[in-house]
Amino acid sequence: MALRADMNRKVTTHRLLEMKMRGEKISVLTAYDFSMARIIDQAGVDVILVGDSASNVMAGNVTTLPITLDQMIYHGSSVTKGVKRALVAVDLPFGTYQGNSKLALASAIRVMKETSADCIKIEGGEEIKESIERILSAGIPIIGHLGLTPQSINKFGTYTVRAREEAEAKKLLQDAHLLEDLGCFAIVLEKIPAKLATQVASELRIPIIGIGAGGGVDGQVLVAHDILGITNEFSPRFIRRYANLYEIMTNAVERYVEDVKSCDFPNEGEQY
Ligand code: KIV
């Protein structure tokens with residue numbers, strides 16, 4: 001039987017560290033709105049990430065770059081209202097923390113004040129060191145994010161696996177140690193070789209959460225719309241689909257349209 005954290009106690013950064021220490025895997029899913037967050041929280045997910053993937057999933061953008069801080073705050077404050085147990089993390093969006101640590105702190109403070117989230121997540125290593133230090137100095141917990149960092153897609157030019165080459169793997173390992181030393185309480189590793197992710201998880205004390213990074217890490221994060229099969233065009237190998245809601249929802253909507261057109265809806269019991 002898999003180890004399972006107490007389902008009634010609020011998940012905190014400290015409890016995630018304890019989970020790593022006793023070998024309990026950490027489950028993480030995205031949510032962007034109240035209703036979905038409520039379901040995900042009640043189903044027992046440990047961490048809910050209000051990811052900037054909202055830019056793709058909610059707003060239909062091709063990348064995560066266009067989403068604004070105001071929009072992330074809107075999603076974040078909707079999610080926290082639906083959550084009782086999970087730790088809630090909100091992504092700082094592109095352009096709100098890179099290259100300007102004062103701006104980074106101001107962005108993080110707005111997220112914490114206006115969403116009631118528990119922490120923020122930001123992408124990058126050495127190059128955002130000052131922003132990390134300044135945000136942490138205000139007592140705001142940070143999840144780092146290394147490997148494929150979608151906010152840098154224009155630099156990478158492709159969404160393929162990162163850190164296959166020795167130099168990039170070495171930099172990633174150094175960055176992971178740096179994030180831990182600076183005081184980040186967890187790190188997301190996206191789309192990197194499983195062997196490298198396993199090495200990071202075994203060298204670091206803080207929890208390492210993988211997405212497309214294999215099973216040797218301390219937890220897994222996926223986009224809820226992907227595992228539920230609401231999105232059906234995006235299918236990299238690291239996604240496991242647990243439902244086909246695209247089909248189920250399409251079918252339900254088609255039946256509703258049919259019932260309206262045929263005057264089957266509303267019937268006598270469905271009116272006043
Ligand atoms: O924005 C997001 O959803 C993410 C996860 C996929 C890690 O950053």
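Select Asp33 and Ser35. Asp33 caps the N-terminal end of helix H2, with a side-chain oxygen 3.1 Å from the backbone nitrogen of Ser35. Such a polar contact is a pair of N or O atoms within 3.5 Å; within protein, one must be able to donate a hydrogen and the other to accept it, and residues adjacent in sequence count only if both atoms are side-chain atoms. This is a predicted model: local features need pLDDT of at least 70, side-chain atom pairs count only at pLDDT 80 or more, and totals for chains, interfaces and linings use all residues. Residues are numbered from 1 along each chain as its sequence is written, and side-chain values use heavy atoms, leaving out hydrogens and water.

Now select residues 34-42, helix H2. Helices (H or I, at least four residues) and strands (E, at least two) are DSSP runs, numbered from the N terminus. Which residues of H2 are buried? They are Met36, Ala37, Ile40 and Asp41. These cover an arc of only 130° around the axis, which puts them on the same side of H2. The arc is that of the directions from the helix axis to the C-beta atoms. Buried means under 20% relative accessible area, exposed over 50%, partly exposed in between (1.4 Å probe, protein chains only).

Turn to the face of H2 away from its buried side. Exposed Ile39 and Gln42 are there.

The buried residues of H2 pack against strands E1 (26-30) and E2 (47-50) and against helices H4 (69-81) and H10 (224-227). Contact means heavy atoms within 4.5 Å.

Step past the helix to Gly44. Gly44 follows H2 and has a positive phi, near 100°.

Zoom out to the whole protein chain. Eleven helices and eight strands make up its list of elements. The C-alpha atoms fill a box of roughly 65 × 40 × 35 Å, taken along the principal axes. Of the 272 residues, 49% count as buried. Among contacts between residues at least 6 apart in sequence, 58% join residues at least 24 apart.

Last stop: Thr96. Look in the loop between strand E3 (87-91) and helix H5 (101-115). Is Thr96 buried or exposed? Thr96 is buried, with a relative accessible area of 10%. Its side chain reaches the backbone oxygen of Pro93 at 2.7 Å. Leaving aside neighbours within four places in sequence, Thr96 is in contact with Leu69, Leu103, Ala104 and Ser107.
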